[in-house]
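Hi,

Here is the structure I promised to pass on to you. Have a look at it first, and then read my notes below.

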Amino acid sequence: MNLLKKEVIHKSLGAGHVIAFDGKTITIQFDQRSVKFSFPSVFNELLRMKDLNLQHDINELCVNEDYLINRQREERMAEFESRFAYVPDNKPTAKQRASQLRDKSNIAIRCNYNDGGRTETLFGYKGICSEAVLHQNVVVSRRPWCSAATCECKRYTGGKITREELEKKYADGTFICHESKLLRDWIASAGRLQSEKRTDNKPIKMTNARVNRLCVLTTKLPNELEADRKVFAAFIISEVEVGDEKVEGNVHAHPRFRIDLSPEEAEHVHFWDFHKNKSKPEVPYWGSGFLRYLTDAQSINMIKAMMEATQDANKKARILEMLEYYCRVTAAASK
């Protein structure tokens with residue numbers, strides 16, 4: 001296919017012409033700058049040829065490339081399904097007890113419900129709560145931080161600041177709560193031991209969390225039962241801040257291996273379907289702590305359930321990539 005000197009139109013850069021083409025990369029000259037693109041995928045959305053006949057030929061190449069990519073993705077998923085259809089979470093044998101400490105490096109975090117930024121595709125946790133949820137957390141449920149005198153949301157419900165002032169504080173970087181920035185910054189906190197009777201607000205440490213292990217974020221909506229607790233996001237841990245007597249512990253998400261579910265998708269991934277209490281496994285009861293530790297088997301099954309919950313092909317591929325990575329590092333750690 002001879003494309004040299006042929007004219008093209010870029011969606012944002014405007015008109016240009018081809019100055020180099022090797023079958024996989026195409027270079028376009030736009031006025032004073034030249035830009036390289038992957039061929040033919042760039043013609044899916046960004047570029048089009050002025051010559052309609054050439055454009056038709058390139059469209060066929062795009063269709064064929066998409067078919068091959070999707071077929072390879074489906075083959076990878078089918079192969080992976082056969083290897084990890086289900087990972088049993090049996091009581092460890094004597095030989096497996098040496099790995100228990102490593103198993104405790106995966107964590108699940110209990111999060112107060114936050115619908116900030118909630119849409120059909122975003123669960124929330126990316127802004128300040130709606131009026132209804134804010135009222136529930138501050139006034140009705142009296143969540144320890146939400147109802148604390150120093151909390152900006154408490155000050156808002158008490159009439160000391162306006163909603164506009166509250167939103168501006170959030171935009172300017174003032175600390176509102178960990179939940180409001182959880183899926184914005186992708187940093188999960190262990191929180192503090194808070195209650196109406198406590199005055200010290202002692203920070204909680206991330207003692208056992210480890211890099212390259214899994215962090216699962218869980219919540220339940222207002223008025224839902226504990227049995228309804230769902231997983232709305234998960235990520236591979238890239239950094240651990242253990243914390244100390246003054247600062248709570250935090251875990252940072254890997255920039256590549258992080259997944260958040262839509263509200264509809266999260267409805268299909270219930271936390272207690274995978275994790276059980278040791279003393280009473282039939283009772284879905286979290287207790288007062290913020291953290292739970294997960295076994296490798298529980299972690300794998302949760303990620304797999306997230307993949308099954310979504311119909312989005314790109315999200316499925318990203319979850320599969322995270323699952324494969326997790327299984328690789330888990331295997332390496334067990335040697």
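Does Trp186 count as buried or exposed? At 9% relative accessibility, Trp186 counts as buried (buried means under 20% relative accessible area, exposed over 50%, partly exposed in between, with a 1.4 Å probe and protein chains only). Trp186 sits in the loop between helix H6 (182-185) and strand E7 (187-189). Its phi is near 55 degrees, which is a positive value in a residue other than glycine.

Before you go further, some ground rules. This is a predicted model, where local features need pLDDT of at least 70 and side-chain atom pairs count only at pLDDT 80 or more, while totals for chains, interfaces and linings use all residues. Residues are numbered from 1 along each chain as its sequence is written, and side-chain values use heavy atoms, with hydrogens and water left out.

Now the overall picture. The protein chain has nine helices and 13 strands (DSSP runs numbered from the N terminus, with at least four residues of H or I for a helix and at least two of E for a strand). Of its 335 residues, 44% are buried.

Helix H8 (residues 296-309) spans 20 Å from its first C-alpha to its last, close to the 20 Å expected for its 14 residues at 1.5 Å a residue (the expected span is 1.5 Å times one less than the number of residues). Because 13 of its 14 residues are buried, H8 is largely enclosed by the rest of the structure.

Leu217 stands opposite Ala233 in E11, and Ala233 stands opposite Asp260 in E12.

Asp260 is worth a click. Asp260 is buried yet has no salt bridge (a side-chain nitrogen of Lys or Arg within 4 Å of a carboxyl oxygen of Asp or Glu). The nearest side chain of opposite charge, Arg318, is 5.0 Å away (Lys and Arg count as positive, Asp and Glu as negative; His and the chain ends are not counted). Leaving out residues up to four places away in sequence, Asp260 touches Leu122, Leu183, Trp186, Phe232, Ala233 and Lys315 (contact means heavy atoms within 4.5 Å).

Lastly, a cis peptide bond joins Phe39 and Pro40, with omega about 5 degrees.

Cheers

Terms used: Two strands pair if DSSP finds at least two bridges between them.
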